[in-house]
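Let us walk through this structure in short steps. Start with a helix, then turn to the rings.

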Amino acid sequence: MLARFSERDNDQKGAISYRELADKIFRLQNDTESEDFYDNLYNLYLDYGTCGEYMKLISVFPAIEEWVASTYGSGSDELFQVLITAHDGYVYTYNKSDALKVDEKIQTFTNKPASLGLFMKASVHSQFNEYDQAQDLLKQCLDEILENPTEDEKRLIPLCYNSLGYVVMEYDLEGAVGYLQKAIEYNNKYLTGKQGANIDPLVNLGMVHYKSGAYLEAVKYFNEALSHSQQTQNIYKAALCLNNIGLCYLYSGNQVKGIRVLEDALKLAEEHSGKLS
């Protein structure tokens with residue numbers, strides 16, 4: 001299967017191994033009387049999000065939300081991070097109603113861009129293939145922040161354009177190209193110091209050309225995304241880029257090269273199998 005990227009993909013995947021996570025769970029289960037129990041559970045909760053253990057994450061979310069709100073405050077950055085993590089948990093376990101409830105809470109943070117809630121809601125609709133709703137919310141978000149963006153909103157603009165490219169790709173390849181080029185334009189304008197910012201739109205541009213049958217043109221974008229992934233040591237996305245490149249060569253008729261690149265993708269994934277990805 002060819003892999004593409006939306007705003008839901010996590011740059012931090014692979015930051016903790018299965019063994020490390022298991023060790024943390026074991027220690028926590030045998031230390032329930034410790035005064036540091038909730039601190040440790042909070043850190044474990046964030047690790048669940050990093051590792052993609054979403055069923056475990058949402059099982060402890062209510063307790064963590066209550067503890068963090070009472071410990072750090074209802075408007076704290078800590079609670080904000082808990083909610084953002086819960087959003088991913090509910091989205092990836094296909095719990096649409098609870099994901100949207102979390103997004104309503106995210107919108108109450110007065111020290112965060114109000115438009116962020118629109119962006120998060122759009123990501124929920126995108127995950128459930130409700131592309132028209134996602135597109136409307138992303139356009140509304142851009143309408144609110146393009147003219148005079150704050151520093152936080154500057155980071156949001158290219159994410160919105162990448163997401164628009166992702167959602168319209170299903171029925172408007174030309175429109176997707178325009179949005180993805182805008183994502184790269186605003187990344188280069190506002191996020192010049194952030195390495196790897198263009199990985200997602202580059203991969204999605206590759207996907208557009210793949211869908212149109214321009215396989216070698218797609219390889220060009222996938223290779224550029226691969227280079228950014230390698231520079232930032234993002235193994236997760238590097239392996240997926242190699243997977244895409246290999247499949248493009250296969251479909252273009254170069255089976256020998258395609259198989260070789262797919263073997264490289266598999267080797268890279270196996271070499272880092274101790275890390276979650």
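One face of H13 carries the exposed residues Gln255, Val256, Glu270 and Glu271, and that face is turned away from the buried side of the helix. Exposed means over 50% relative accessible area, buried means under 20%, and partly exposed lies in between (1.4 Å probe, protein chains only). Helices are DSSP runs of H or I with at least four residues, numbered from the N terminus.

This is a predicted model: local features need pLDDT of at least 70, side-chain atom pairs count only at pLDDT 80 or more, and totals for chains, interfaces and linings use all residues. Residues are numbered from 1 along each chain as its sequence is written, and side-chain values use heavy atoms, without hydrogens and water.

Now look at the other side. Gly258, Val261, Ala265 and Leu268 of H13 are buried. They lie on the same side of H13 because they cover an arc of only 90 degrees around the axis, taken from the directions from the helix axis to the C-beta atoms. Helix H12 (235-251) is included in what covers the buried residues of H13; contact here means heavy atoms within 4.5 Å.

Next, the rings. The whole structure holds 16 aromatic pairs. Rings of Phe, Tyr and Trp (its six-membered ring) pair if their centres lie within 6.5 Å; planes under 30 degrees apart are stacked, over 60 edge-to-face, and the rest tilted. Phe37 and Tyr38 have ring centres 5.3 Å apart and planes at 80 degrees, so this pair is edge-to-face. Phe37 counts as buried at 18% relative accessibility, while Tyr38 is partly exposed at 35%.

Technical notes
Helices (H or I, at least four residues) and strands (E, at least two) are DSSP runs, numbered from the N terminus.
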